[in-house]
Amino acid sequence: MILFIDTTSLETKIGLLNETGNFIDQIEWTSRFNQSEELISKIEDLLQKNRIKKDDLGKIVVITGPGSYTGVRIGVTTANFIGLGLNIPVLGLKKSSIVDIGKIISGDNSDCFLDPVMPYYERLPNITKPKKKL
C-alpha cells in the first residue's frame with residue numbers, strides 16, 4: 001500500500017494507492033493555512049476508513065512542488081517523518097510528474113528512496129528587507 005500526499009496548494013490531497021499507482025481511496029479538502037494541524041489526523045482517518053494499519057504502508061509518495069512554500073514544507077516534512085518512523089521509502093515527485101505516477105511507482109526507482117526528499121520551490125523565496133526600528 002502506498003500513501004500519497006500533495007500539500008502544494010490550498011486543495012490538499014491525500015490518498016492510498018495500490019502497487020500499480022491506482023487510487024484506492026482519496027481525501028481532498030481546502031486548507032486555509034492550517035495544513036500542519038490537519039494533515040496527520042486526515043491521514044489517520046483515511047487509514048482507519050480503509051482498515052489499513054500503518055505497518056501495511058510500503059511507500060510514501062509526496063509532491064515536492066512547485067507550490068505554496070509552507071505547504072510544500074509541511075507535506076515533504078510529514079512524508080519524511082512518517083517514512084523514517086515506519087522505516088519505509090519516500091519518493092518525491094514534482095507536480096508535473098503526477099500524470100505518470102503509476103509508471104513511476106511501478107518502475108525501478110529504488111535509487112530515488114536513498115535520501116530524504118527535498119522540497120522543490122521553482123524560485124527563491126521573496127525575502128523583504130527588515131523594517132527600520134523607530
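I began with a pairing: the bridge partner of Ile2 in E4 is Lys59. Before going on I noted that this is a predicted model, in which local features need pLDDT of at least 70, side-chain atom pairs count only at pLDDT 80 or more, and totals for chains, interfaces and linings use all residues. Residues are numbered from 1 along each chain as its sequence is written, and side-chain values use heavy atoms, with hydrogens and water left out.

I took helices (H or I, at least four residues) and strands (E, at least two) as DSSP runs numbered from the N terminus. Strands count as paired if DSSP finds at least two bridges between them.

E1 and E4 (residues 59–65) run parallel and are joined by 4 bridges. On E2 (residues 11–17) I found 5 bridges to E1, with the two strands antiparallel. Phe4 stands opposite Gly15 in E2. E1 and E2 form a hairpin, with 4 residues between them.

Next I checked burial, where buried means under 20% relative accessible area, exposed over 50%, and partly exposed in between (1.4 Å probe, protein chains only). In E1 (residues 2–6), 5 of the 5 residues are buried, so the strand is largely enclosed by the rest of the structure. Ile2, Phe4 and Asp6 point one way, Leu3 and Ile5 the other. In a regular strand the side chains alternate between the two faces of the sheet.

**Helix H1**

I then turned to H1 (residues 35–49), which has 15 residues and spans 20 Å from its first C-alpha to its last. That is close to the 21 Å expected at 1.5 Å a residue, the expected span being 1.5 Å times one less than the number of residues.

Which residues of H1 are buried? I listed Gln35, Glu38, Leu39, Ile43, Leu46 and Leu47. Seen down the axis of H1, the buried residues fall within an arc of 160°, so they line one face of the helix; the arc is that of the directions from the helix axis to the C-beta atoms. The face turned away from the buried side carries the exposed residues Glu37, Gln48 and Lys49.

I looked for the cover by contact, meaning heavy atoms within 4.5 Å. What covers the buried residues of H1 includes E1, E2, E3 (23–30) and H2 (69–86). Just after H1, Arg51 takes a positive phi of about 55°.

**Whole protein**

I counted 3 helices and 5 strands, in the order β-β-β-α-β-α-β-α. Buried residues make up 40% of the 134 residues.
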